[in-house]
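Hi,

Here is the structure I said I would pass on. Have a look at it first, and then read on for my notes.

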Amino acid sequence: MDIQGLQKMTLLDYPGKVACTVFLGGCDFRCPFCHNGELVLSPAPAEMDQEELLAFLKKRQGLLDGVCITGGEPLLRPDLKGLLEAIHALGYPVKLDTNGSHPRALVDLVERKLVDYVAMDVKNSPERYPETVGVPGLDVGPIRESVGFLLEGMVDYEFRTTVVREFHDSDSFRAIGPWLAGAKRYFLQSFVDRDTVIQEGLHPWGREELEAFAAIVRPWVPEVALRGVD
Ligand code: SF4
């Protein structure tokens, strides 16, 4: 399998673990605020193949204690199962980042116990989902299905939203709160502008507004916190 990128060590991506992060290119969404535009918009060149990644992980046994798989959207890869089996065989737990648009693939990997932690993006209220992911007319059904599955608690998980001034307001969180009712944890991540963002001219909200949005969700979810806020 082609691997588009590898961050060799991160303390931030996998809660409680020293991990590496594997980037798999390609995505079915076009979120204007996406930081990985180069992974999403064009077929990004491979940085390494699966064998090279597994050789790296073998060398780091005892130094790393988890592997994050991110994208793009990893669940688009038909060969993901084989990669996760090989990573597990080396003794690493796996965190999977997903946009939630492929519930059947998600359920399958969880049922096979190939994923230990799922971080799913909840991009916005169902009403504003299409514009927020850059896909006019998007069917939110699969997203709802993924949320419903994770809420069943078969695997440890978090939901998270990258909050952008141009896409999110109080109404977004008035809808997200009840939608995620009973979830374990939810994070609001402040948008950070970078050169690699798909659309120029987007802005973050300030800490005060983000705190107010978090307060709207808190009655529904026991653990709500901000990430990436100065
Ligand atoms: S933010 Fe995630 S879901 Fe959206 S385009 Fe980028 S990789 Fe895809």
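Let me start at valine 217, which counts as buried because its relative accessibility is 0%, under the 20% cut-off. Bear in mind throughout that this is a predicted model. Valine 217 belongs to helix α8. Once you set aside neighbours within four places in sequence, valine 217 is in contact with Phe173, Gly177, Tyr186 and Val224.

A search for aromatic pairs over the whole structure turns up six. In one of the pairs, phenylalanine 173 and phenylalanine 213 have ring centres 4.6 Å apart and planes at 15°, so this pair is stacked. Phenylalanine 173 sits in helix α7 (residues 170-179) and phenylalanine 213 in helix α8 (residues 207-217), so the pair ties together parts that are 40 residues apart in sequence.

Another buried spot is serine 146, at 1% relative accessibility. You will find serine 146 in helix α6 (residues 141-151). Not counting residues up to four places away in sequence, serine 146 touches Gly100, His102, Pro103, Leu106 and Met120.

Two backbone details may interest you if you plan to set up calculations. Glycine 71 and glycine 72 are joined by a cis peptide bond, with omega at about 10°. Glycine 72 is placed in the loop between β5 (66-70) and α3 (80-89). The other detail is lysine 113, a residue other than glycine that has a positive phi, near 60°. Lysine 113 is in the loop between α4 (103-111) and β7 (117-121). Is lysine 113 buried or exposed? With a relative accessible area of 65%, lysine 113 is exposed.

Now for the whole chain. The secondary structure comes to eight helices and 10 strands. How does the radius of gyration fit a compact globule? For 230 residues, a compact globule would have a value near 17 Å, and the protein has 17 Å, which agrees. Along the principal axes, the C-alpha atoms fill a box of roughly 45 × 35 × 35 Å. Of the 230 residues, 50% count as buried.

As for contacts, if you take those with a separation of 6 or more, 74% are between residues 24 or more positions apart. The accessible surface comes to about 10500 Å², and carbon and sulfur atoms account for 51% of that. On the charge side, there are 24 positive and 35 negative charges, and their mean positions are 4 Å apart.

That is what I have for now.

Cheers

How values were computed: Residues numbered from 1 in each chain as written. Predicted model: local features only at pLDDT ≥ 70, side-chain atom pairs only at ≥ 80, totals over all residues. Heavy atoms only, no water. Helix = DSSP H or I, 4+ residues; strand = E, 2+ residues; numbered from the N terminus. Rg over C-alpha atoms; globule rule 2.2 N^0.38 Å. Buried < 20%, exposed > 50% of the residue type's maximum accessible area, 1.4 Å probe, protein only. Contact = heavy atoms within 4.5 Å. Areas by Shrake-Rupley, 256 points an atom, 1.4 Å probe, with all protein chains shown as cover. Lys, Arg positive; Asp, Glu negative; His and termini not counted. Charge placed at Lys NZ, Arg CZ, Asp CG, Glu CD. Phe/Tyr/Trp six-rings, centres within 6.5 Å; stacked < 30°, edge-to-face > 60°.
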